[in-house]
Amino acid sequence: MSKSRLYFFLVTTITAGLTLLELTEAGYTFVICPFRLIFGIPCPACGSTRALIAIQNGSFLDALRINPLSYLLLTGAIIALLVLLLDVLFQKRYTWQLYLLFDKSMRRPIFFIPSLLLLAALWLYQLEVIDFGFSDF
């Protein structure tokens, strides 16, 4: 990924996420998960919007129950936003350096395999514990 694409991706994703959160809290409902639309089961990130709204409203345990991955997504978004801000303020490339470090780390099995197993465990938790209206599964 090029530097300009990385910055564009981060700014667009953060802006879209904040917009989606505000629209959802205002009462609009969305089913935008292509995985769920195609396969009929939730993806590992399904429920993240509801979980982030629960965090925003101070319902931390509800957020954990809805989608534990939401805490990781929120942490990543906050870090990305802060690093982007540092880049702008100090005209540095901290975001790019952090991306390269993350990319290098995730190519190593010692980081990739546990991350994949954690994601799979969270997905199984969602499919088993949370009722997404798919009681036939």
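This is a predicted model: local features need pLDDT of at least 70, side-chain atom pairs count only at pLDDT 80 or more; totals for chains, interfaces and linings use all residues.

Where is Q91 found? I looked, and Q91 sits in the loop between α5 and α6 (94-106). Helices here are DSSP runs (H or I, at least four residues), as strands are (E, at least two), numbered from the N terminus.

Residues are numbered from 1 along each chain as its sequence is written, and side-chain values use heavy atoms, with hydrogens and water left out.

**Entry: back to Q91**

I checked the backbone of Q91 and got a phi near 50 degrees, a positive value in a residue other than glycine. Is Q91 buried or exposed? Q91 counts as exposed, at 72% relative accessibility. My cut-offs: buried is under 20% relative accessible area, exposed is over 50%, and partly exposed is in between (1.4 Å probe, protein chains only).

**Entry: the whole protein**

I counted seven helices and zero strands. Read from the N terminus on, the elements go α-α-α-α-α-α-α. I then boxed the C-alpha atoms along the principal axes and got roughly 50 × 40 × 30 Å.

Of the 137 residues in the protein, 24% are buried. The protein exposes about 9,900 Å², and carbon and sulfur atoms supply 70% of that. These accessible areas come from the Shrake-Rupley method with a 1.4 Å probe; for residues, only the protein chains shown count as cover.

I also looked at contacts (heavy atoms within 4.5 Å). Among those with a separation of 6 or more, 57% are between residues 24 or more positions apart.

**Entry: helix α5, inside and out**

I picked S70, which lies in helix α5 (residues 69-90). S70 is buried, at 0% relative accessibility. What does S70 contact, leaving aside its neighbours within four places in sequence? I found S48, A51, L52, I55 and A63. A polar atom of the S70 side chain also lies 2.7 Å from the backbone oxygen of N67.

Which helix gives the most to the nonpolar patch? It is α5, with six residues.

**Entry: rings**

I found three aromatic pairs in the structure. Rings of Phe, Tyr and Trp (its six-membered ring) pair if their centres lie within 6.5 Å; planes under 30 degrees apart are stacked, over 60 edge-to-face, and the rest tilted.

F35 and F39 have ring centres 4.8 Å apart and planes at 50 degrees, so I wrote this pair down as tilted. Both lie in helix α2 (residues 34-39), four residues apart, about one turn of the helix. F35 is partly exposed at 28% relative accessibility, and F39 is exposed at 54%.

F35 also pairs edge-to-face with W123, at 5.6 Å centre to centre and 70 degrees between the planes. This pair links distant parts of the chain: F35 is in helix α2 and W123 in helix α7 (residues 109-129), 88 residues apart. W123 is partly exposed, with a relative accessible area of 25%. Ring pairs join F35, F39 and W123 into a cluster.

**Entry: C33**

I found C33 in the loop between α1 (3-25) and α2. C33 is buried, with a relative accessible area of 14%. Not counting residues up to four places away in sequence, C33 touches C43 and C46.

**Entry: charges**

How many salt bridges does a search of the whole structure find? It finds one, with the criterion being a side-chain nitrogen of Lys or Arg within 4 Å of a carboxyl oxygen of Asp or Glu. The side chains of D103 and R107 form it, at 3.1 Å, N to O. I noted D103 as partly exposed, at 25% relative accessible area, and R107 as exposed, at 64%.

Definitions and conventions
A polar contact is a pair of N or O atoms within 3.5 Å; within protein, one must be able to donate a hydrogen and the other to accept it, and residues adjacent in sequence count only if both atoms are side-chain atoms.
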